[in-house]
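Hi everyone, thanks for coming. Let me put the structure on the screen, and then we'll walk through a few of its helices together.

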Amino acid sequence: MTHSTPTSAWIIRLTKIFSERLLIRIESPDTDLLDSGILDSMKLVELLFTIEQEFGIRLPIADLDIESFRSVSRLAGLVDRFNVMSEVPTAT
Amino acid sequence: MTDSIEIFATSPQSLGADPPTYKERVIQTARWSESAGCTGTLVYTDNSIVDPWMVADTIIQHTASLCPLVAVQPIYMHPYTAAKMAATLAYLHGRRIYLNMVAGGFANDLAALNDRTPHDRRYARLAEYVEIISRLLDGGSVSFTGEFYGVTNLRLCPPVPAHLRPGMLMSGSSESGLATARACGATAVVYPGPLSKYHSQPSSCSRTGIRVGIIARSEAESAWETAHARFPADRKGQLTHELAMKVSDSVWHKELSQAARMHSAESTYWLVPFENSKTNCPYLVGSYATVASELAGYMTAGVRTFILDIPHNEQEFEHISIVFRRAMETLTVSA
């Protein structure tokens, strides 16, 4: 069975989460969220919590590399990996 | 509370507190702690909270004998300044304080201060730091050349009378932390593993203090009811804890997390508050008899200093007093 990777749609949803829930405008999906200081530890927790709520997933933080949180693109890959049971998202 | 052992409470921290009422809460908690017979109260330090020395001054001004246990991290001030603060509090108030020397901290805090010093090197720095403070407190002129600090003919004014000389504690569960505490003559403060660990390594506990929360009631069921109500599962707290685990180089953090995986949800040694980022210390939860037995076990293993978690209310001290009294009775009978 193959599974399509709707990364671009996840990117749009994640960017929306950043702007609407965290009040952070992301310039590019590849912007470094960690080294730039955009995400401090508290905002990272808020982001991951929001992602879990929005996508109905449970992230096994202990098993993930911190690099998975470095950019919106990588976060989209993460969501895609743990969201295989969901329907393909609608980019709105 | 009891003789021959020292019990410290912990002062509320300002992160997330209500600014207009925070100071009053500090004062109220200090007064509860003093009434309960605590020797002192720990005042935290990190980037996100108010200055511990100023909180200590507030505590002293609103209590009669309670000794602030001020957390001191070298990155925040030169050892001369720390010694000067201790001397100033002694001079102004005639009150003894304790110093809780801390080598580490939150990884983000240290990074923000551009402190990339590796774990064991931080203890080497702390040893120099403590040596300078100790020699300044001894009086006279101090010259010291180390890897991290150097002073020449430095004197501490005003001098600190012998009876007001600060007690010295040092946080650290790692080998280097324990070795540094021993070398500095400080009481090593650890976040304890389950009691079984102490039975197997009694020699490691000489001059050891532990940080531990206590929820005890006459019946275990009532204690657990309180524990679960006070520390409900909190996903954001769990995420915070799991992320901290990924970046922390603290030995105690990893040891406690390992212990959490090995213990059932309702064993007396309880780590749910730690796993939900509500506190850093393990809790002992259960009936008076069970918790007293655990405390007696730690005491038998050499623990003489206990630093409790931030008290929830004044009544909690009544329960805690009971278990410490019973633990001491157990020791007396078995002796």
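**Contacts and helices**

Let's start with contacts, meaning pairs of residues whose C-beta atoms, placed from the backbone, lie within 7 Å. In chain A, of those contacts between residues at least 6 apart in sequence, 75% join residues at least 24 apart.

A word on the source: this is a predicted model, where local features need pLDDT of at least 70, side-chain atom pairs count only at pLDDT 80 or more, and totals for chains, interfaces and linings use all residues. Residues are numbered from 1 along each chain as its sequence is written, with chains lettered from A and ligands numbered from 1 in the order in which they are written.

Chain A has three helices and zero strands, taking helices as DSSP runs of H or I with at least four residues and strands as runs of E with at least two, numbered from the N terminus. Of its 92 residues, 26% are buried, that is, with 20 or more other C-beta atoms within 10 Å of their own, those being placed from the backbone.

Which residues of α1(A) are buried? They are A:Trp10, A:Ile11, A:Arg13, A:Leu14, A:Ile17 and A:Phe18, and they pack against α2 (41-55) and α3 (72-82) of chain A.

Now over to chain B. After α3(B) comes B:Gly94, with a positive phi near 65 degrees.

Notes
A residue is buried if 20 or more other C-beta atoms lie within 10 Å of its own, exposed if 12 or fewer, and partly exposed in between; C-beta atoms are placed from the backbone. Two residues are in contact if their C-beta atoms, placed from the backbone, lie within 7 Å.
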